[in-house]
Amino acid sequence: MIIAQVTDMHVRARGAPRLNGMDTGQCLAACVARINGLSPAPDVAVLTGDLVNGGTEDEYEYLRDLLEPLAMPIYLIPGNHDEREAMRRAFRHHDYLPRRGRLLNYVLDDYPLRFIALDTVIPGEPGGRVGAEQLDWLAARLAEAPDRPTVILMHHPPFETGIVHMDEMNCADAEDLGAVVARHPQVERILCGHVHRPIQVRRFGTFVSIGPSTAFQVALELHPEAPASWIAEPPAFHLHLWRPGTGLVSHTLYVGDFGAPHRFQHAE
């Protein structure tokens, strides 16, 4: 099974000013074209939050149009820049999204990997939290299928990256989440967004990874007092390959025209 993970698109409304010098809508359009050009094609695309920049109806309308060409099923979770009700309305045809209740969490059982999506949004705040209600829900869902390899999707990462200004707004109850995950060895990976960089760590008895943004990346500044800054590194996304017996292997794919592959020339 192949999973395309796209995150932190920050799509603005059609015709809106660029965000940090980037036309985020066109960045996503290029990413969609790159994914559709892959062979073999991904089985699904998971979008791990900050789908749009301001949570407005116009932004979600544009996002929906940008995603429409994707040739595989897509699954969305919100980030801190998203607005749950506007997202529900724009993607009302996405039957996996809960129609009722506060949280946009769900389970996908139709694939070789089982997916559990968590909603970590705290409205009006940049940081996130899973919360006691959702932790109980997660524990119950994991207990239902202890033999199914499972991927957890969430926007805010449950670990510190060393980029201090981002670590100040990650998942506030990471240790509580970790206590649940550590009891369930079927959790193959936790896939996150938010930090706009590809970052990996081993925690809670599993691996946690952050996907890069399809637009601008957060600058890798590990000095404790470094200012918040972004950098025009290439837009990118993650491609995760699942094989029984091997597990989940993750690749970073850059979005852009880098020419065709070249065969290696071996010296005689």
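Which residues of α6 are buried? In this predicted model, the buried residues of α6 are Ala-174, Leu-177, Gly-178, Val-180 and Val-181. They span an arc of only 160° around the axis, which puts them on the same side of α6. Here "buried" stands for under 20% relative accessible area, "exposed" for over 50%, and "partly exposed" for what falls in between, with a 1.4 Å probe and protein chains only. The arc is taken over the directions from the helix axis to the C-beta atoms. Helices (H or I, at least four residues) and strands (E, at least two) are DSSP runs, numbered from the N terminus. The cover over the buried residues of α6 includes α4, β6, β7 and β9 (206-210), where contact means heavy atoms within 4.5 Å.

A word on the ground rules: residues are numbered from 1 along each chain as its sequence is written, and side-chain values use heavy atoms, with hydrogens and water left out. As the model is a predicted one, local features need pLDDT of at least 70 and side-chain atom pairs count only at pLDDT 80 or more, while totals for chains, interfaces and linings use all residues.

Next comes α4. This helix runs over residues 132-144, has 13 residues and reaches 19 Å from its first C-alpha to its last, close to the 18 Å expected at 1.5 Å a residue; the expected span is 1.5 Å times one less than the number of residues. Gln-134, Leu-135, Leu-138, Ala-139, Arg-141 and Leu-142 are buried in α4. Their arc around the axis is only 165°, so they sit on the same side of α4. Residues three or four places apart in an α-helix point the same way, because there are 3.6 residues a turn. The face turned away from the buried side of α4 holds the exposed Ala-132, Glu-133 and Asp-136. As for partners, the buried residues of α4 pack against β4 (106-108), β5 (114-117), β6 (150-153), α6 (174-181) and β7 (187-192).

Leu-138 gives a close-up of that packing. This leucine is found in α4 and is buried, with a relative accessible area of 0%. Leaving aside residues up to four places away in sequence, Leu-138 touches Ile-116, Leu-118, Ile-152, Leu-177 and Val-180. From Leu-138 to Ala-117 is 21 residues in sequence and 9.1 Å in space, C-alpha to C-alpha.

Most residues other than glycine have a negative phi, and most peptide bonds are trans. A cis peptide bond, with omega about 0°, joins Ser-39 and Pro-40, and Pro-40 lies in the loop between α1 (24-36) and β2 (44-48). The loop between β7 and β8 (199-203) holds His-194, whose phi is positive, near 80°. His-196 lies in the loop between β7 and β8, and its phi is near 60°, again a positive value. His-194 is buried at 3% relative accessible area, and His-196 counts as buried at 4%.
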